[in-house]
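Here is a short walk through one protein model. Keep the sequence and the 3D view side by side as you read.

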Amino acid sequence: MDVLSDAVAAMRTGQPHSGRVHRPAPFGTRHPSVAAAGFHIVLQGSCWLFPPDGAPIALSVGDVAFLPHGAAHGLADSLSTPLVDASGSLAEIPPGQDDRQNDDGVGASTGRHPTPGPTAVTVMLCGAYLLDRSRAHPLLADLPEVVHLPARVGHRPELRAAVDLLGGELEQPRPGSDAMLPALLDVLLLHILRAWFDEQSARGAATGWAAALRDPAVAAGLRVIHGDPARPWTVAELASQAGVSRAAFARRFAALVGQPPQTYLTWWRMTLAARLLRDSDAPLATVARKVGYTSEFAFAHAFKREYGSAPGGFRRSTPGEQY
């Protein structure tokens, strides 16, 4: 797998959830923080998103708001509409839900009632990806609290296509939807992340992992680490793969990734090992070999140093989850 795919897979647990939400005006909801990455995409109408910090963000048709850290936030039809606690969080949306009745009840909660006549309705595609916060990949940890991707004609056609496919599947479920929805949600997530990293690079504002993925030498080193994590890589070998000197590679890698190459390699091996222990019944010796350890004892020592428990104890205390 490539670095971005690996970073997402390292944190994902359970099934992603999504639903179409219809909100007649006025509406104002306050969503608590959750252990999930959530998104809101406006399909019809408009609204305001209130991030945990900073100014409100206007969302129009086609806009994507992605909250990679599950931050608390608010949504409202206007800046003047008061926010009330939402009845459920993004992480609790049942797969494939189409909520045509949910106005999130500002009128019911405050005694306000819309006047007779046409009512403005905002239709949104909302969803969540459940995350394991205990092993957050630094690539995702680098993202801001809110990733706002405004709709612009001719921009990001792949993202627009993913939104259209997902929205259509939720609006009219057909045979195969149970398999289609999780796959489309994964596609949507990867297109959101691609769009964000591409946008940072286009602005010349790329730092950290956004810059690491664009740096030819560092990106080459990351690709070979993720492509063959069991290989006993040395910094010199990684530098050779990247086509630069050992010193230049080590310096650039540490500056952009945030840790030296060997430290990142060990961290990634242990992350893979934890996933294998959680999601499979492979013997410890097999897990050790898959992450580059010929000695089960050496693997157990390295794993305990990272996780604070032996591999066997970790497996017994961490129920496997499929996604």
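Begin with R30. This residue is partly exposed, because its relative accessibility is 38%, between the 20% and 50% cut-offs. The model is a predicted one, so the word describes R30 as the model places it.

Which residue does R30 meet in a salt bridge? The partner is D85, and the N to O distance between the two side chains is 2.9 Å. D85 is exposed, because its relative accessibility of 59% is over 50%.

Now move on to R152 and E199. They also form a salt bridge. Here the closest N and O atoms lie 3.9 Å apart, and the cut-off is 4 Å, so the pair counts. Where do the two residues sit? R152 is in the loop between β11 (147-149) and α4 (157-171). E199 is in helix α5, which spans residues 177-203. The bridge therefore ties together parts that are 47 residues apart in sequence.

E199 is buried, because its 8% falls under the 20% cut-off.

A further pair is made of neighbours in numbering. R278 and D279 form a salt bridge, with 2.9 Å between the closest N and O atoms. R278 is buried, at a relative accessible area of 10%. D279 is partly exposed, at 24%. Elsewhere, salt bridges with shared partners join R152, R156 and E199 into one network. How many salt bridges does the structure hold? The count is 8.

Last, look at confidence. The mean pLDDT of the protein chain is 84. Of its residues, 86% reach 70 or more. Where is confidence highest, and where is it lowest? The highest mean is 97, in strand β4, residues 47-50. The lowest is 30, in helix α2, residues 106-110.

Two stretches deserve a separate look. Over residues 91-97, pLDDT stays under 50. The model gives this stretch 20 contacts beyond four places in sequence. Over residues 100-117, pLDDT also stays under 50. For that stretch the model has 31 contacts beyond four places in sequence.

How values were computed: Residues are numbered from 1 along each chain as its sequence is written. This is a predicted model: local features need pLDDT of at least 70, side-chain atom pairs count only at pLDDT 80 or more; totals for chains, interfaces and linings use all residues. Side-chain values use heavy atoms; hydrogens and water are left out. Buried means under 20% relative accessible area, exposed over 50%, partly exposed in between (1.4 Å probe, protein chains only). Helices (H or I, at least four residues) and strands (E, at least two) are DSSP runs, numbered from the N terminus. pLDDT is the predictor's confidence in each residue, from 0 to 100. Contact means heavy atoms within 4.5 Å.
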